[in-house]
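Work through the exercises below with the sequence and the 3D view open. Each task is followed by its solution.

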Amino acid sequence: MGNGRPRTENTELQRLLEERTTDLQRVKAEYDNYRKRVRRDRLAVREAAVANVLTALLPVLDAVDRACEHEPVTPGLKDITGTLETQLATLGMQEVGKEGEKFDPTRHEAVTHHPDTTARHPTCTKVLRPGYRLGDRLLRPAYVEVTGPPPPDGQPPRNEPRAADSRTERRNIPHLHR
């Protein structure tokens, strides 16, 4: 009888050790997941904050662009423009919309459409106001003129605003005030 008892105690201790080890591994995994989730949440909050700041600065960027288009570029204006562009690029902001690009309604907003029976697909022929993105997040679509195949049945192309659409009013498109 005395010989069976230590084996039973060893088996019981071994079982308890395995339980505690399993518990410890589970708690460690939960903690690792928690740390990863907190890190992800912090990055998401930071990205949203940067996007909000950049979106708020877009009118400033538009004003600087207009000043450069209509005023003589003085050394001070050149310095302001260069610094602003450098800092916005450092934060990850990139311009969207180039002449000659294939029209993409997820990145461009068509202000006008010029039918061309020889065109194979809608193309941005003039950028009226550049768009901007931060990573995969579109901060503002580019306002563009589009040249492309005539729409079927005389309907406006997808994403082309109609005259009654408030998004197309001239006061909302800074580069049209010239």
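**Exercise 1.** How many residues lie between S4 and S5 in their hairpin, and which residue in the turn has a positive phi?

Solution. The model is predicted, so local features need pLDDT of at least 70 and side-chain atom pairs pLDDT 80 or more, while totals for chains, interfaces and linings use all residues. Residues are numbered from 1 along each chain as its sequence is written, and side-chain values use heavy atoms, without hydrogens and water.

- Strands are DSSP runs of E of at least two residues, and helices runs of H or I of at least four, numbered from the N terminus.
- S4 covers residues 131-134 and S5 residues 137-140; they pair antiparallel over 3 bridges. Pairing requires at least two DSSP bridges.
- Tyr 132 has Arg 140 of S5 as its bridge partner.
- The hairpin leaves 2 residues between the strands, and Gly 135 in the turn has a positive phi of about 65°.

**Exercise 2.** Find the salt bridge partner of Arg 140.

Solution.

- A salt bridge places a side-chain nitrogen of Lys or Arg within 4 Å of a carboxyl oxygen of Asp or Glu.
- Arg 140 meets this with Asp 62, their closest N and O atoms being 2.7 Å apart.
- Because Arg 140 is in strand S5 and Asp 62 in helix H1, the pair ties together parts 78 residues apart in sequence.
- Both Arg 140 and Asp 62 are buried. Buried means under 20% relative accessible area, exposed over 50%, and partly exposed in between (1.4 Å probe, protein chains only).
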